[in-house]
Amino acid sequence: ARDIVRGNAKLNLAFVANLFNNHPALDPSDEETLRAFADLLDFDSEGTREERAYRFWLQNLGFEVNNLYGDVKDGILLLKAFDKIAPGSVDWKRVTMSPRMVFQKGENCNYAVSIGKSLKFSLVGIDGADIAQGNRKLILALVWQMMRYHLVASIKKLSQGGRDITDAEILAWANGKVRS
């Protein structure tokens, strides 16, 4: 049961394999498609797995993201993502849409961090200057919490009656799937 929480790679792989075996919804891929996907998984050339996962998530939301750390430095991408995952959370009158000076970028990033705090993200020790300066660890921390918020909101929509889903329930569900 604790293996999922600790991140046992083999167990997580078995879980995903079981999921795809029991719920296949994809057509079989041809060799050319498989080679194209194998090229996408060349993590050494384009950043860490975490960074790529978050970049793919943002791209899935409809944003053009080539370099996560560089693309969030002005705060605009983060604010657009917040507006997408929590509609109405951004007051666009407070945003400098084409920030040219460092302090304007810092203001946008500070605003993004304050929105995160209003959504109950754990952002202790993170401020806009960290984002604007490209602090990789803190950017990943913020974007992880944004992605988590979005995924939990999506699960909540799918739940019975739209009730809140707790971490314990998600973990119990995942453990139940691994056991069966």
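The structure is a predicted model. The protein chain holds 10 helices and zero strands, and its elements run α-α-α-α-α-α-α-α-α-α from the N terminus on. Of its 180 residues, 31% count as buried. Among contacts with a separation of 6 or more, 45% join residues 24 or more positions apart.

**Helix H4 and its packing on H9**

- Helix H4 covers residues 49–60 and helix H9 covers residues 136–158; the two pack at an angle of about 45°, with their axes 10 Å apart.
- The crossing in which H4 passes H9 is left-handed.
- On the H4 side, the residues that meet H9 are Glu50, Glu51, Tyr54, Trp57 and Leu58. On the H9 side, the partners are Leu140, Val143, Trp144, Met146, Met147 and His150.
- Sorted by class, this contact of H4 with H9 comprises eight nonpolar residues, one polar residue and two charged residues.
- The length of H4 agrees with expectation, because its 12 residues should span 16 Å at 1.5 Å a residue and its end C-alpha atoms are 16 Å apart.
- The buried residues of H4 are Glu51, Arg52, Tyr54, Arg55, Trp57 and Leu58.
- Just after H4 comes glycine 62, which takes a positive phi of about 105°.

**Leucine 58 in H4**

- Leucine 58 belongs to helix H4 and has a relative accessible area of 3%, so it is buried; the cut-off for this class is under 20%.
- Not counting residues up to four places away in sequence, leucine 58 touches Phe63, Val65, Leu68, Leu77, Ala81 and Val143. One of these, Val143, is also among the H9 residues that meet H4, while Leu77 and Ala81 are among the buried residues of H6.
- Leucine 58 and methionine 147 are 89 residues apart in sequence, and their C-alpha atoms are 8.5 Å apart in space.

**Helix H6 and its packing on H7**

- Helix H6 (residues 76–85) packs with helix H7 (residues 102–118) at an angle of about 30°, and their axes are 8 Å apart.
- H6 is thus roughly parallel to H7, because angles under 35 degrees fall in that class.
- H6 and H7 cross in a left-handed manner.
- In H6, the residues that meet H7 are Ile76, Leu78, Leu79 and Phe82.
- By class, the contact of H6 with H7 has seven nonpolar and two polar residues, and no charged residues.
- H6 is largely enclosed by the rest of the structure, because seven of its 10 residues are buried. These are Ile76, Leu77, Leu78, Leu79, Ala81, Phe82 and Ile85.
- The cover over the buried residues of H6 includes H4, helix H5 (68–71), H7, H8 and H9.

- Isoleucine 115 is located in helix H7 and counts as buried because its relative accessibility is 3%.
- Beyond residues up to four places away in sequence, isoleucine 115 touches Leu79, Phe82, Ser89 and Val90.
- Isoleucine 115 and leucine 78 are 37 residues apart along the chain, with 9.9 Å between their C-alpha atoms.
- Glutamine 104 also has its place in helix H7. With a relative accessible area of 16%, it is buried.
- Leaving aside neighbours within four places in sequence, glutamine 104 is in contact with Thr96 and Pro99.

- Lysine 120 lies in the loop between H7 and helix H8 (128–132).
- Lysine 120 counts as exposed because its relative accessibility is 73%, the cut-off for exposure being over 50%.
- The phi of lysine 120 is near 70°, a positive value in a residue other than glycine. Most residues other than glycine have a negative phi.

Note on methods. Residues are numbered from 1 along each chain as its sequence is written. This is a predicted model: local features need pLDDT of at least 70, side-chain atom pairs count only at pLDDT 80 or more; totals for chains, interfaces and linings use all residues. Side-chain values use heavy atoms; hydrogens and water are left out. Axes are lines fitted to C-alpha atoms, for helices over the stretch in contact, and angles run from 0 to 180 degrees between N-to-C directions. Helices (H or I, at least four residues) and strands (E, at least two) are DSSP runs, numbered from the N terminus. A crossing is left-handed if the near helix is turned anticlockwise from the far one by less than a right angle, and right-handed if clockwise. Contact means heavy atoms within 4.5 Å. Ala, Val, Leu, Ile, Met, Phe, Trp, Tyr, Cys and Pro count as nonpolar, Asp, Glu, Lys and Arg as charged, and the others, Gly among them, as polar. The expected span of a helix is 1.5 Å times one less than its number of residues. Buried means under 20% relative accessible area, exposed over 50%, partly exposed in between (1.4 Å probe, protein chains only). Angles under 35 degrees count as roughly parallel, over 145 as roughly antiparallel, 65 to 115 as roughly perpendicular and the rest as oblique.
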